[in-house]
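Hi,

Here's the structure I promised to pass on. Have a look at it first, then read my notes below.

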Amino acid sequence: MTELRTLKVALLGCGNVGAQVARILIDDAEALAARAGARLELTGIAVRTIDAPRDVELPRELFTTDADTLVKDADLVIELMGGIEPARTLILAAIQNGASVVTGNKALLAQDGPTLYAAADKAGVQLSYEAAVAGAIPILRPIRDSLSGDRITRVLGIVNGTTNFILDQMDTTGAQFEDALAEAQRLGYAEADPTADVGGLDAAAKATILASLSFHTRFDLENVHCEGITGVSAADIAAAKDAGFVIKLLAIAEKLTAADGSEGVSVRVHPTLLPREHPLAAVHGAFNAVFIEAENAGELMFYGQGAGGTPTASAVLGDLVSAARRIVLGGPAQTETTNGQVPALPIDAVNTSYYIGLDVADQPGVLAKIAQLFAEHGVSIEIMRQTIHRDADSNVESAELRIVTHRATEAALAATVRAVKGLDVINSVTSVLRVEGV
Ligand code: NAP
């Protein structure tokens, strides 16, 4: 048997994911070498604090605080530090030195992906980032490779485990948002500062990556309409449940024709009502899933753990073996195709169904007034349900009205909601949420 060549691997970061990557590289060295066709030698691990406590016991001599020197002498660089700098500079330095790079840094890719992709293309090296979207779930390579002979029309993703856990808790226990968030923090599913997760930004970063690969066009964060879950109440969840829906935070990228006939892609993140029988409705806890619709393949669903050191390390190692194989076999690096040039459409172009919650006076003729106003704005009602409440102290009755519309544009819906607010029988509009999958 011929002796395998050795490829030098530099690891930047040894936290939740990096420590597991280092462990697998060392413990599984033989199997990885057989699959990659080269020995993958971990030459060093760059960290901030050499003696910080680690999840995995690793040889101390591997650690360094000098990341710049470490990347200079590597064939493959794994960036798992997170954040924008120095990750960005180190990745660019690695690429310029001819190393292929594997990263899980969705924040950096969403902010400055095009610079990094262009640098990798120019240097003829591989830049892979399967771990950046939905952790362990193989989703980017299936989109880029397996579906490259098809046309993707729509991607719906539950790509943030924290928000899925919170919404699932609210759905199963009736908890308020704040209590479900506290539980997520207690169990380690949410960070002390949960803003990026509950505000939808983390999902928006992943949506840009999914949309770019699916529609062969580079989208960035500015193209994403983003709403988080902080405004979703226990009452919204209960009302949705009552009507046969579940609320999920979805990252959506879909091909659309706007009312003016222009074609493009809408990329958006928002809380969404899904029918309980939709496959994504069965994604519980902190799990992730991505549902794809393609012209020829039809519907596909990818499900699994979207975070966690060991699951995410699996995606990183997959990218590493694939990049190593390419080095061994030679030939050009695999790049994304970005010849799509599809414009990003604004949220106003979206045509979807809506769920609207109204607190109304309990008077005769109210329902007819509201129904007429919807009709005047060209928004047709699919379901209208009323529940009567009596205030125990004042003895005043009010009614909660829940409406699900047929498909309508954002603009028509917004005009309807404005007009509804002006009616004297309306106490308040309690919620306006989009519906998918009907
Ligand atoms: P983490 O636990 O915070 O670890 C970060 C590591 O990077 C630490 O070892 C830290 O060193 C090192 N580091 C940070 N800044 C550095 C600097 N300036 N110089 C040298 N080393 C530095 O992060 P993580 O959870 O493993 O996440 C890593 C990346 O994977 C992020 O981009 C994240 O978005 C992505 N990702 C994570 C998950 C997940 O489940 N955690 C899932 C998907 C993707 P010290 O240890 O010395 O502080």
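**Helix 7 against helix 8**

Helix 7 and helix 8 cross in a right-handed way (right-handed if the near helix is turned clockwise from the far one by less than a right angle, left-handed if anticlockwise). By the way, this is a predicted model, where local features need pLDDT of at least 70 and side-chain atom pairs count only at pLDDT 80 or more, while totals for chains, interfaces and linings use all residues. Residues are numbered from 1 along each chain as its sequence is written, and side-chain values use heavy atoms, with hydrogens and water left out.

(Helices are DSSP runs of H or I, at least four residues, numbered from the N terminus; axes are lines fitted to C-alpha atoms over the stretch in contact, and angles run from 0 to 180 degrees between N-to-C directions.) Helix 7 brings F165, I166, Q169 and M170 to the contact, and helix 8 brings F177, A180, L181, E183 and A184 (contact means heavy atoms within 4.5 Å).

**Ring pairs**

There are 3 aromatic pairs (Phe, Tyr or Trp rings, six-membered ring for Trp, with centres within 6.5 Å; under 30 degrees is stacked, over 60 edge-to-face, the rest tilted). One of them is Y117 with Y129: centres 5.6 Å apart, planes at 35 degrees, so tilted. Y117 sits in helix 5 (residues 106-123), and Y129 in the loop between strand 6 (127-128) and helix 6 (140-146), so the pair ties together parts 12 residues apart in sequence.

Cheers

How values were computed
Helices (H or I, at least four residues) and strands (E, at least two) are DSSP runs, numbered from the N terminus.
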